[in-house]
Amino acid sequence: MAAVSKEALLSRLQGLGINSIVHEHPVVMTVEEQSKHIGHLGTTLSKNLFLKDKKGRLYLVSALATTTVDLKALSQRLGLGKGGLRMAPEDALQEILKVPLGSVTPFALINPSSRSVILLLDHQYQNQPKLLFHPLVNDSTIEISNGDFNLFLKSIDRTPSYVDFEAVVTVGKDQPPDLAGFVTELAEQPSSLDTKQSIASTQNCSIKEVASAKFPNSKLKVPKEKVHIEGEFQKLIRDPQELVNHILDETIKATMEKVKDVTHYTDTSISNEIKSQIGPDLQNLIMLFKNTAYTQGFVAGEQYSLGEDLVSAFASRSSVVRGRSESGRCY
Amino acid sequence: MWKNITVEESRRLARENAKDIIACGFDVSRTFIFCDFDYVGGNFYQNMIRIAKCVTLNQVRGIFGFTGEDHIGKVSFPAVQAAPSFPTSFPHLFGDSKDVHCLIPCAIDQDPYFRMTRDVAPRIGFHKPALIESLFFPALQGESGKMSASDPNSAIYVTDSPKDIKNKINKYAFSGGGATIEEHRKHGANLEVDVPVKYLSFFLESDEELAKIKEEYGAGRMLTGEVKLRLIDVLGKMVDRHQKARAAVTDEMVDAFMAVRPLPQMFS
């Protein structure tokens with residue numbers, strides 16, 4: 001699919017009711033050059049990095065020019081080890097982001113080809129009234145308000161994920177990488193809508209379901225937004241049908257294996273062997289299912305007893321969960 | 001207090017440990033997890049004082065080896081450790097009933113605390129808690145070594161990848177096999193010091209398979225490499241399952257387990 005042009009981007013922004021100011025200037029390849037032409041605006045410029053990890057996943061890191069972004073530390077916090085992040089090659093820039101060199105910008109995510117790119121935004125963007133980005137080309141800069149930028153992101157089905165790039169976070173045996181939730185699993189199909197929700201907000205989606213549905217039926221339906229990041233077990237406990245299929249598959253597989261081995265004689269001995277082989281694992285899975293259902297009820301109960309109206313309770317819950325997932329711990 | 005970490009770090013680690021515990025398959029409708037930092041107070045604290053009044057400074061010096069240099073946090077900790085043995089410490093679970101028995105699975109190094117507790121219990125009108133003490137299994141480098149979080153090659157961690165496990169067992173697990181294949185075939189393996197076999201005796205489900213391995217390996221018919229391979233397989237599966245289960249444990253789930261709530265299903 002062809003690259004979205006600057007004009008198309010601008011008309012899309014207008015269509016969303018966003019009033020942005022475009023500043024024209026000569027072609028600039030670096031933030032320093034850019035600041036020579038529009039430094040007078042008083043708004044802090046942004047630096048945008050297009051990165052790639054060893055498994056081929058792509059990241060767009062957008063931060064204030066004044067924020068220090070330590071790639072080594074970021075790589076560790078994402079769970080990629082030290083030195084897991086490199087600058088993405090030029091052809092990825094052309095193919096995925098569809099912008100020329102020196103024009104990396106979050107606006108490039110308007111291109112459907114960049115759907116799988118993981119967007120990480122400087123948390124300081126939240127308290128900036130205005131932000132400055134390239135509008136897909138580096139001979140101009142758009143000045144856009146923070147709120148309008150979020151509107152744009154919503155229009156391309158992205159929720160902003162804010163990271164404190166300067167936070168000193170130790171990652172070690174006892175401290176899992178705090179940003180690992182942003183890193184998607186590779187096995188998934190690329191056509192997902194939202195690639196950057198953390199595991200905590202994965203649960204948050206099902207909480208949305210339960211908060212509006214009647215507990216204790218605990219309708220663990222697959223939520224409308226197909227969330228990308230899910231471990232194997234989470235997929236199973238989310239959906240009773242998946243769980244039952246898994247159980248039956250395991251049982252049938254184990255039975256077939258045993259039946260082939262003719263040294264076992266009686267039905268009961270085969271049955272007992274199968275039960276002892278896959279029983280404990282399945283029990284564990286079912287317990288996880290139960291615990292998840294209880295937890296969702298517990299959370300819903302908390303909301304209920306706080307007596308707030310459900311809309312504000314829902315809103316405050318999402319930000320609390322996001323707060324947790326970002327800081328890593330909630331204490 | 002013993003490892004000199006901050007209160008904040010302790011609380012964080014407590015939550016992380018809680019996730020591992022939940023991942024083992026505890027039932028939230030029958031399990032209450034608590035952290036001293038949040039729970040001490042009320043009836044729990046009242047029991048702490050009742051216990052503390054029954055133990056003199058000289059006694060804790062004798063039991064735990066405290067000296068004049070140890071800070072008072074350490075000295076008063078035994079009362080905190082003992083209080084959960086008594087049902088009235090948990091009014092939301094047992095009300096004011098004193099007639100509930102307590103079973104404590106713990107490692108053998110916790111024994112002194114609970115011996116002290118058993119001594120105090122009848123004096124304040126409670127049943128003595130019962131203990132199940134579990135054995136320690138050896139560090140990878142054998143009996144001479146100690147498992148430590150700072151030495152990654154002394155133990156298998158639940159956060160290890162399959163590659164890590166394979167590497168650690170193959171490279172660092174102390175072998176009781178013969179120095180050469182000929183010697184091994186002739187004399188067999190020394191099962192007293194062999195770490196892989198000891199680990200298998202903890203982790204291998206089938207008693208028959210374990211007995212067979214011990215027999216074959218002890219006689220020299222089975223090689224160290226084969227035993228290690230079996231252990232890598234067993235541990236790999238176990239760690240993999242634990243990691244998957246742990247990944248499915250959310251912060252909300254931990255909150256649910258730690259919420260001060262009644263558990264009517266506890267004994268059903």
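Does Met256(A) count as buried or exposed, and at what relative accessibility? At 51% relative accessibility, Met256(A) counts as exposed, because the threshold for that class is over 50%. The model is predicted. The points below cover the surface around this residue, the aromatic pairs, and the lysines placed over rings.

**Nonpolar surface on chain A**
- Met256(A) belongs to helix H8 of chain A, which spans residues 240–260.
- Together with Val244(A), Leu248(A) and Ile252(A), Met256(A) makes a nonpolar surface patch of about 380 Å².

**Aromatic pairs**
- Over all chains, the structure holds 25 aromatic pairs.
- One of these is the edge-to-face pair of Tyr125(A) and Phe133(A), with 5.8 Å centre to centre and 70° between the planes.
- Tyr125(A) and Phe133(A) are both buried.
- In chain B, Tyr39(B) and Phe44(B) also form an edge-to-face pair, with 5.7 Å centre to centre and an angle of 80° between the planes.
- Tyr39(B) is buried, as is Phe44(B).
- Tyr125(A) and Phe133(A) are also members of a cluster linked by ring pairs, together with Phe107(A), Phe149(A) and Phe152(A).

**Lysines over aromatic rings in chain B**
- Lys168(B) places its charged end over the ring of Tyr157(B), at 4.2 Å from the ring centre.

Technical notes:
Residues are numbered from 1 along each chain as its sequence is written. Chains are lettered from A and ligands numbered from 1 in the order in which they are written. This is a predicted model: local features need pLDDT of at least 70, side-chain atom pairs count only at pLDDT 80 or more; totals for chains, interfaces and linings use all residues. Side-chain values use heavy atoms; hydrogens and water are left out. Patches are made of residues with over 30% relative accessible area and no salt bridge: like charges are joined within 9 Å, nonpolar side chains (Val, Leu, Ile, Met, Phe, Trp, Tyr) within 5 Å. Accessible areas come from the Shrake-Rupley method with a 1.4 Å probe; for residues, only the protein chains shown count as cover. A salt bridge is a side-chain nitrogen of Lys or Arg within 4 Å of a carboxyl oxygen of Asp or Glu. Helices (H or I, at least four residues) and strands (E, at least two) are DSSP runs, numbered from the N terminus. Buried means under 20% relative accessible area, exposed over 50%, partly exposed in between (1.4 Å probe, protein chains only). Rings of Phe, Tyr and Trp (its six-membered ring) pair if their centres lie within 6.5 Å; planes under 30 degrees apart count as stacked, over 60 as edge-to-face and the rest as tilted. A charge sits over a ring if NZ of Lys or CZ of Arg is within 6 Å of the ring centre and within 35 degrees of the ring normal.
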